[in-house]
Every structure is written in structure tokens, then in C-alpha cells.
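Reader: I am new to this structure. Could you walk me through it in short steps?

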Amino acid sequence: QPTESALFHEMLEVLRQQNHSDFHDFVFVDLGSGKGRTLLMASDYPFRRIVGVELLPALHQAARDNLSKYRSESQQCFALESICADATEFAFPAESTVLYLFNPFPEPGLRRMIANLEHSLLAHPRTVYVLYHNPLLEHVLGESIALKKVRGTHQYAIYESPATQRIEAAKI
């Protein structure tokens with residue numbers, strides 16, 4: 001199911017107001033990126049780069065085709081890529097990240113992805129925001145020692161990585 005454009009831009013506007021940033025220092029990552037529609041919408045913002053991770057080769061190829069053909073006057077980020085991989089094992093960028101999820105996993109997969117993110121944050125402390133659209137498994141994010149909910153509605157939840165000291169203290 002594709003992400004609704006108006007809701008996507010609402011989530012990013014709320015996040016922009018929350019962190020007082022224009023996203024130029026952030027990488028945007030969409031796990032379960034499908035044909036790449038969300039990647040194209042994200043390119044309306046000045047992210048450092050935009051990465052989509054899709055498990056299914058046919059959807060990944062469609063995304064690559066869409067990314068290569070896309071041109072828009074509103075586009076601010078031109079560094080877009082699609083990776084065909086298992087998103088639960090994705091090596092997160094060591095840079096500040098906006099991570100987008102639209103229910104890409106069943107609960108066990110989401111738990112593996114969150115554990116992977118927690119390890120990444122310990123290895124490379126940085127700011128990570130998680131935009132969780134249609135948060136059916138929000139309790140999994142709520143259990144994470146690496147994330148704290150900062151905003152949300154019935155349609156989405158926004159989480160932020162807390163201070164590194166809290167993560168390290170919780171691991172001890």
C-alpha cells in the first residue's frame with residue numbers, strides 16, 4: 001500500500017518543527033520501500049541522501065526505474081538509491097537518520113530491526129528519528145531502550161533516539 005502524500009508531508013513537517021532542522025544533515029531511509037514512491041516524496045526535502053531498502057527484487061527494480069526517471073521542480077535531494085536486501089539486517093548509516101516505516105515487518109522482523117538499530121546507535125551515537133506510519137506494532141518501539149516517543153496521532157508515531165548515556169546505562 002503506498003504512502004499517502006499529504007500524510008507523509010504532515011509527518012515531515014511535524015518532525016521539522018520538533019527538531020528545528022531542514023534535514024540537510026540527515027539521511028532518509030525507507031525500510032520496505034516498494035516501488036520507491038516514498039523515496040520520491042522525500043526528495044522534496046534537502047536530505048543528504050535517500051535510501052530505500054526492499055526485499056522483493058521485482059519491487060526493487062521498479063523503484064530503481066522510478067528513481068532514474070524522476071524529475072520534479074520541487075526536488076531538493078538528488079542522491080537517491082534503492083537497495084535490494086533484507087531490511088531486518090540493514091546496516092544503518094552512521095549519520096543522523098530519519099527512518100521511515102509503514103509496517104514493513106511482522107512483529108519478529110520488527111524486533112530484529114529494532115535490535116539492529118540499537119546496536120548501530122551504540123556503535124555510532126547519533127540522532128535517529130523513526131516515523132512509523134500506521135503504527136500497528138507500536139508497542140515494539142515503545143519497548144526499545146534506544147527510542148522515545150516524541151509525537152504521534154492515530155495515523156503515525158514519531159520516535160527519537162535518546163541520549164547515548166541512557167542506552168549504555170540500560171545495557172549494563
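Reader: What span does H1 reach from its first C-alpha to its last?

Author: This is a predicted model, in which local features need pLDDT of at least 70 and side-chain atom pairs count only at pLDDT 80 or more, while totals for chains, interfaces and linings use all residues. Residues are numbered from 1 along each chain as its sequence is written, and side-chain values use heavy atoms, with hydrogens and water left out. H1 has 15 residues; helices (H or I, at least four residues) and strands (E, at least two) are DSSP runs, numbered from the N terminus. The expected span is 1.5 Å times one less than the number of residues, and H1 comes close to its expected 21 Å, reaching 21 Å.

Reader: Within what arc do the buried residues of H1 fall?

Author: Buried means under 20% relative accessible area, exposed over 50%, and partly exposed in between (1.4 Å probe, protein chains only). In H1 the buried residues are Leu7, Phe8, Met11, Leu12, Val14, Leu15 and Asn19. They line one face of the helix, because seen down the axis of H1, with the arc taken from the directions from the axis to the C-beta atoms, they fall within 155 degrees.

Reader: Which elements do the buried residues of H1 pack against?

Author: Contact means heavy atoms within 4.5 Å. By that rule, the buried residues of H1 pack against S1, H2, S4, strand S5 (128–133), strand S6 (148–152) and strand S7 (156–160).

Reader: Which residue follows H1, with a positive phi?

Author: The phi there is near 50 degrees. The residue is His20.

Reader: Is strand S1 enclosed or open, and how many of its residues are buried?

Author: S1 covers residues 27–31. Val27, Val29 and Leu31 point one way, and Phe28 and Asp30 the other. In a regular strand the side chains alternate between the two faces of the sheet. S1 is largely enclosed by the rest of the structure, because the buried count is five of the five.

Reader: What is the geometry of the pair between Phe8 and Tyr100?

Author: Rings of Phe, Tyr and Trp (its six-membered ring) pair if their centres lie within 6.5 Å; planes under 30 degrees apart count as stacked, over 60 as edge-to-face and the rest as tilted. The count comes to ten aromatic pairs. Phe8 and Tyr100 lie 5.6 Å centre to centre, with 75 degrees between the planes, which is edge-to-face.

Reader: How many residues apart in sequence are the parts that this pair ties together?

Author: Both Phe8 and Tyr100 are buried. Phe8 lies in helix H1 (residues 5–19) and Tyr100 in strand S4, so the parts tied together are apart in sequence by 92 residues.

Reader: Which residues do ring pairs link into a cluster?

Author: Ring pairs join eight names here, given in the order of the chain. They are Phe8, Phe23, Phe26, Phe28, Tyr45, Phe47, Tyr100 and Tyr129.

Reader: Which residues is Cys84 in contact with, leaving aside its neighbours within four places in sequence?

Author: Cys84 lies in strand S3 (residues 80–84). At 37% relative accessibility, Cys84 counts as partly exposed. Its contacts are Glu54, Leu55, Leu56, Pro57 and His60.
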